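Colleague: I have a model open and would like to learn how to read it. Could you take me through the features one by one?

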Amino acid sequence: MTKFLYTTDWHLCFKQPGTRLDDVLEKQFAKVLQFVDICNSTNPDFILHGGDLFDAPRNADPSVVNRTIEILKNLKQPMYYVPGSHDMFGYNLDSFAQSYLGTLQASDRIIILNQKGIYKFPGELQVGVVPAYVGTNINMYQEFIGADIVVSHDMITTTPVPYAHIQIKELAQMFTNTIFLLGHNHSQYYEVLNNNIFINPGPLVRTSIAEQNNAPYVAVIEKQGSNVTVNHISIAVDKDVFVIQPQDKETTVMTFNDVMKKTNIEYNDIYELLHKVSLDLHIEDVHVNNLKERIKYVEQHAV
Ligand SMILES: [Mn+2]
């Protein structure tokens, strides 16, 4: 029997989020401590982390990363880590050496799986790994057919969304008996389809108002042959910690162009700006086109 834990999208903050009334910078460490307690009381063979451990790749003040390392020193199990979208600069998978992820790796707290592919894990488990930004395409998952586990920081959703994504029902048509450990998309879900399990525990630190009803948990997975059991162990969160949004107040909707006119950036329209930025940062066309789709959607629906 192999036992492992899955957690993802911790989003440990360097700055207090404007959406929260409580002291997130302090309380987030209580959550990491709870996670370590869960690891030590369930004693798994290994831990899988789906990425976005910090909310940003790096910050001038290293105290948050130092404190995280101190707490993670109490972990007795190896933690394998799939890089997320917030872990890297300019959509570049190799940039984690310049991020705090590189610091965690150097301190021996995580083992980074930074290449898309199949890894052999303890207990002869075949684990497919998809870091952020390798391109959202269902055909990319063909190579994982037959794998025991797929850990992915791709945009994998339960319902259609107006930008590049894969729905779990599409994966369920390709796969059977695979455990999908998912992140990136901060809506929580747990679904069993065609004998596959799809788990997205959502973020540990809830920074967006849309996440206020999430109940963060750690998934404890036991696998004996094709027999899989999953338990959710809750992470305690406080109620009423989010800023209340005014319901009846009339809000002024500004277009993106209105907002940009207030800045000093010279550009003619958002697409030109995006083009300039993408050249500067060497962002691949696939990501630029994805952003264009999202902007077009907002332009059509927002006002
Ligand atoms: Mn995330």
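Colleague: How do helix H1 and helix H2 run relative to each other, parallel or antiparallel?

Modeller: Angles under 35 degrees count as roughly parallel, over 145 as roughly antiparallel, 65 to 115 as roughly perpendicular and the rest as oblique. H1 (residues 24-42) and H2 (residues 63-72) cross at roughly 20°, their axes coming within 10 Å, and the two helices are therefore roughly parallel to each other. Axes here are lines fitted to C-alpha atoms, for helices over the stretch in contact, with angles from 0 to 180 degrees between N-to-C directions. Helices (H or I, at least four residues) and strands (E, at least two) are DSSP runs numbered from the N terminus.

Before going on, please note that this is a predicted model: local features need pLDDT of at least 70, side-chain atom pairs count only at pLDDT 80 or more, and totals for chains, interfaces and linings use all residues. Residues are numbered from 1 along each chain as its sequence is written.

Colleague: Which residues make the contact between H1 and H2?

Modeller: Two residues are in contact if their C-beta atoms, placed from the backbone, lie within 7 Å. H1 brings Phe29, Val32, Leu33 and Val36, and H2 brings Arg67, Thr68 and Ile71. By class, this contact has five nonpolar, one polar and one charged residues. Ala, Val, Leu, Ile, Met, Phe, Trp, Tyr, Cys and Pro count as nonpolar, Asp, Glu, Lys and Arg as charged, and the others, Gly among them, as polar.

Colleague: At what angle do H6 and H7 cross?

Modeller: The axes of H6 (residues 270-280) and H7 (residues 285-301) cross at roughly 155° and come within 11 Å. That makes H6 roughly antiparallel to H7. Ile270, Tyr271, Leu274 and Ser278 of H6 meet Val288, Leu291, Lys292 and Ile295 of H7. Six nonpolar, one polar and one charged residues make up the contact of H6 with H7.

Colleague: Now the sheets. What is the strand order in the one that holds E1?

Modeller: Two strands pair if DSSP finds at least two bridges between them. The order is E4-E3-E2-E1-E13-E14, an open sheet of six strands with mixed pairing. Its edges are E4 (111-112) and E14 (227-234), each of which pairs on one side only. Inside it, E1 (residues 2-7) and E2 (residues 46-49) run parallel, joined by four bridges; there, tyrosine 6 has leucine 48 in E2 as its bridge partner.

Colleague: How is the chain divided into domains?

Modeller: Domain bounds come from an automatic or database domain assignment. Domain 1 covers 2-234 and domain 2 covers 256-301, with their C-alpha centres 29 Å apart. Seven residues from domain 1 and 10 residues from domain 2 take part in the contact. On the domain 1 side that touches domain 2, five residues are nonpolar, two are polar and none is charged.
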